[in-house]
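Hello,

Here is the structure I promised to pass on to you. Please have a look at it first, and then read my notes below.

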Amino acid sequence: MKKQLTILLIFFMPWMLISSCKESDSKIQSAVEATLKDNKDVNGASASVKDGVVTLTGECNDEMSKSAVDSSVRKIKGVKDVINNCTIVTPQPSPAPVVIAEDDPLTKGVTDATKDYPSVNATVQDGVITLTGDIKKTDLPKLMMSLHTLKPKKIENKLTIK
Amino acid sequence: MALQDKYKELLDTAKTLGISNLQAREQDNVLYIDGEAPSGAAKDQLWNTYGKIDPDFRSADVVMNVNVSTMAPGVKVVVTTEKSNLNIRKGPGTDQPIIGKAAHHELVTLVSKTNDQWWLIRTDAGEEGYAFAQYLSPQN
């Protein structure tokens, strides 16, 4: 009986040792997830692990960050290989800067727009329209709508509203 | 992004109203809103919302350039002066000579838009010249 147990132990020992050395997929999974969590190289990343092979998905900004993610995952204990399915995002073009009208056409536009409001004075300086004088409350939106189409930098309304 | 928060209701209204080519850009503490309104009523509603957030338009932090897209060349537009006739001028500018008049509430044809302020119009009587766009509105 004792002899049989010894044989059994001898037979199973190597397997026990091997399996204890080999990192389980779930352990690798959580290690990979921890690595990806605070990784700035990749957005919305997720990983799946099968027999030590990690498959990565997510979005990287460029090739460099894609390979950076790759190598940081490869360093994790138990990872045999990495299938990197991360896509590279094409950056959205940043919006074109706002075009402000030159003072000359702007001044002409302001003169035309305020022509029917003789009690309104308007000056233009570096794209900024400054309004002084007074106006009827009902006329204010109409004047504003018209001035806002002239592509000014901004409109300083110092009008007294009657 | 602070201004986009302050004027969130305005931008949301613009989306709800179906303002096309809508663009909201913040530059040097001014929010620039551009787009095309599907109707004159939509444009008015947008301005009402703006006036609610910034009463009397005193904050100087928005430039809203939204025009009405239905007012395209070829369509009939209505003269919406206070009560007087609308001057038709030889060129785009109040310094240009007056060559005709369109009556208050008269329907005229929009020939082309020289700029946001001056549009070339033609009356049914055949007078053609430039009129101030502020006094031309879409037909309801």
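To begin with a question: at roughly what angle do the axes of helix 4 and helix 5 of chain A cross? The axes of helix 4 (residues 103-114) and helix 5 (residues 140-148) of chain A come within 10 Å and cross at roughly 160°. Axes here are lines fitted to C-alpha atoms, for helices over the stretch in contact, with angles from 0 to 180 degrees between N-to-C directions. Helix 4 of chain A is therefore roughly antiparallel to helix 5 of chain A, a label for angles over 145 degrees.

Before going further, please note that this is a predicted model: local features need pLDDT of at least 70, side-chain atom pairs count only at pLDDT 80 or more, and totals for chains, interfaces and linings use all residues. Residues are numbered from 1 along each chain as its sequence is written, while chains are lettered from A and ligands numbered from 1 in the order in which they are written.

Back to the two helices: Val110(A), Ala113(A) and Thr114(A) of helix 4 of chain A meet Leu143(A), Ser146(A) and Leu147(A) of helix 5 of chain A. Contact means that the C-beta atoms of two residues, placed from the backbone, lie within 7 Å.

Chain A as a whole has five helices and eight strands. These are DSSP runs numbered from the N terminus: H or I of at least four residues for helices, E of at least two for strands. Along the sequence, the pattern of chain A reads α-α-β-β-α-β-β-α-β-β-α-β-β. Among contacts in chain A with a separation of 6 or more, 58% involve residues 24 or more positions apart.

Now to chain B. Three of its strands form an open sheet in the order 1-2-3, with mixed pairing; strands pair if DSSP finds at least two bridges between them. Strand 1 and strand 3 of chain B are the edge strands, each pairing on one side only. Strand 2 and strand 3 of chain B run parallel and are joined by seven bridges. Gly35(B) stands opposite Val66(B) in strand 3 of chain B.

Finally, how do the chains meet? In all, 21 residues of chain B are in contact with 25 residues of chain A. Strand 1 (20-27), strand 2 (30-37), helix 3 (40-53) and strand 3 (62-68) of chain B each supply at least two residues of the side that touches chain A. The largest share of that side, four residues, comes from strand 3 of chain B.

Enjoy exploring!

Best wishes

Methods:
Parallel < 35°, antiparallel > 145°, perpendicular 65-115°, else oblique.
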